[in-house]
Amino acid sequence: MNSPTSDSLLGPADVRELAAALGVRPTKQRGQNFVIDANTVRRIVRTAGVRPDDVVVEVGPGLGSLTLALLEVADRVTAVEIDDVLASALPATIAARMPERAERFALVHSDAMRVAELPGPPPTALVANLPYNVAVPVLLHMLDTFPTIERTLVMVQAEVADRLAAPPGSKVYGVPSVKANWYAEVKRAGAIGRNVFWPAPNVDSGLVALTRRAEPLRTTASRREVFAAVDAAFAQRRKTLRAALSGWAGSAAAAEEALVAAGVSPQARGESLTVEEFARIAEHKAAGRSEESS
């Protein structure tokens with residue numbers, strides 16, 4: 001296999017030229033900031049640990065900067081793009097700049113939140129520069145829909161990266177932290193400067209690495225039940241769990257009962273709990289309900 005040359009990747013002039021030819025102006029509405037630095041996309045691929053046998057899914061490929069860097073290394077790349085103009089242009093960009101890898105590329109023209117299946121072999125990795133406004137829902141949807149994704153590396157707004165990777169007890173620990181933890185071990189994997197984007201965003205970016213749990217969380221509660229408990233606990237952050245979960249459990253007394261049965265203090269707050277503890281609380285609420293109905 002011929003190795004692609006560094007000329008295959010997009011530099012600042014290439015990105016602007018492509019955008020001009022397509023009449024594309026990056027929109028805030030879709031959180032579009034195109035990466036214009038070849039070293040940055042190669043660094044993302046390295047940090048993601050992409051291997052020659054990987055089937056990578058990329059969300060929001062834009063003009064193809066990261067897509068080309070992924071194709072240099074991975075076995076296959078499937079890109080999911082919502083934008084009509086960008087989606088129609090990307091296959092031609094790949095064919096022109098990396099013809100020897102073009103047959104290993106597939107495009108899905110869709111909203112990532114609606115994607116339920118992908119062409120070709122199941123994905124083993126997710127690597128993406130996620131639009132800031134939809135980063136968390138898209139990440140959780142992809143992890144839930146494609147259980148074969150073992151490794152994920154996403155570039156997101158720095159504060160979203162902090163939130164996703166935050167441990168229990170941290171000031172920024174919240175719903176995204178707990179839900180991401182349901183699927184994977186999560187850690188910060190670096191920072192990305194503003195000057196590698198066009199247009200330069202007015203926020204910093206960060207990389208987050210997620211490694212899928214070798215075994216799913218052991219619990220008799222469903223993901224939906226656990227996530228409902230998490231949402232309720234953080235909806236009123238300053239309240240104790242007894243109060244915050246009262247609506248979810250049916251009453252403050254029922255919430256207290258589930259908490260005590262789960263070994264969690266009713267006076268604790270959501271930000272101090274692990275995903276395992278939320279799962280136990282959800283289990284005991286479900287158990288309490290089935291006892292009542294029996």
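Mentor: A definition to begin: helices (H or I, at least four residues) and strands (E, at least two) are DSSP runs, numbered from the N terminus. The model is predicted: local features need pLDDT of at least 70, side-chain atom pairs count only at pLDDT 80 or more, and totals for chains, interfaces and linings use all residues. Residues are numbered from 1 along each chain as its sequence is written, and side-chain values use heavy atoms, with hydrogens and water left out.

Trainee: In which helix does T67 lie?

Mentor: T67 has a relative accessible area of 0%. Buried means under 20%, exposed over 50%, partly exposed in between (1.4 Å probe, protein chains only), so T67 is buried. The helix that holds T67 is α3.

Trainee: Leaving aside neighbours within four places in sequence, which residues is T67 in contact with?

Mentor: Contact means heavy atoms within 4.5 Å. On that basis, and leaving aside neighbours within four places in sequence, T67 is in contact with E58, P61, V77, L90, I94 and F105.

Trainee: Which residues of α4 are buried?

Mentor: Helix α4 covers residues 84-97. Its buried residues pack against α1 (12-22), β1 (34-35), α3 (65-73), β3 (76-81) and β4 (105-109). They are L86, A87, A89, L90, T93 and I94.

Trainee: At which residue does α4 bend?

Mentor: The bend at a residue is the angle between axes fitted to the seven residues ending there and the seven starting there. For α4 that angle is about 30°. A proline, P91, follows within four residues of the bend, which is at L90.

Trainee: Is R242 buried or partly exposed?

Mentor: R242 sits in helix α9 (residues 241-244). Its relative accessible area is 30%. R242 is therefore partly exposed.

Trainee: With which side chain does the side chain of R242 make a polar contact?

Mentor: A polar contact is a pair of N or O atoms within 3.5 Å; within protein, one must be able to donate a hydrogen and the other to accept it, and residues adjacent in sequence count only if both atoms are side-chain atoms. For R242 the distance is 2.4 Å. The partner is the side chain of E256.

Trainee: How many helices and strands does the protein chain have?

Mentor: Buried residues make up 49% of the 294 residues in the protein chain. Its C-alpha atoms fill a box of roughly 65 × 40 × 30 Å, taken along the principal axes. The count is twelve helices and nine strands.

Definitions and conventions. Expected span 1.5 Å × (residues − 1).
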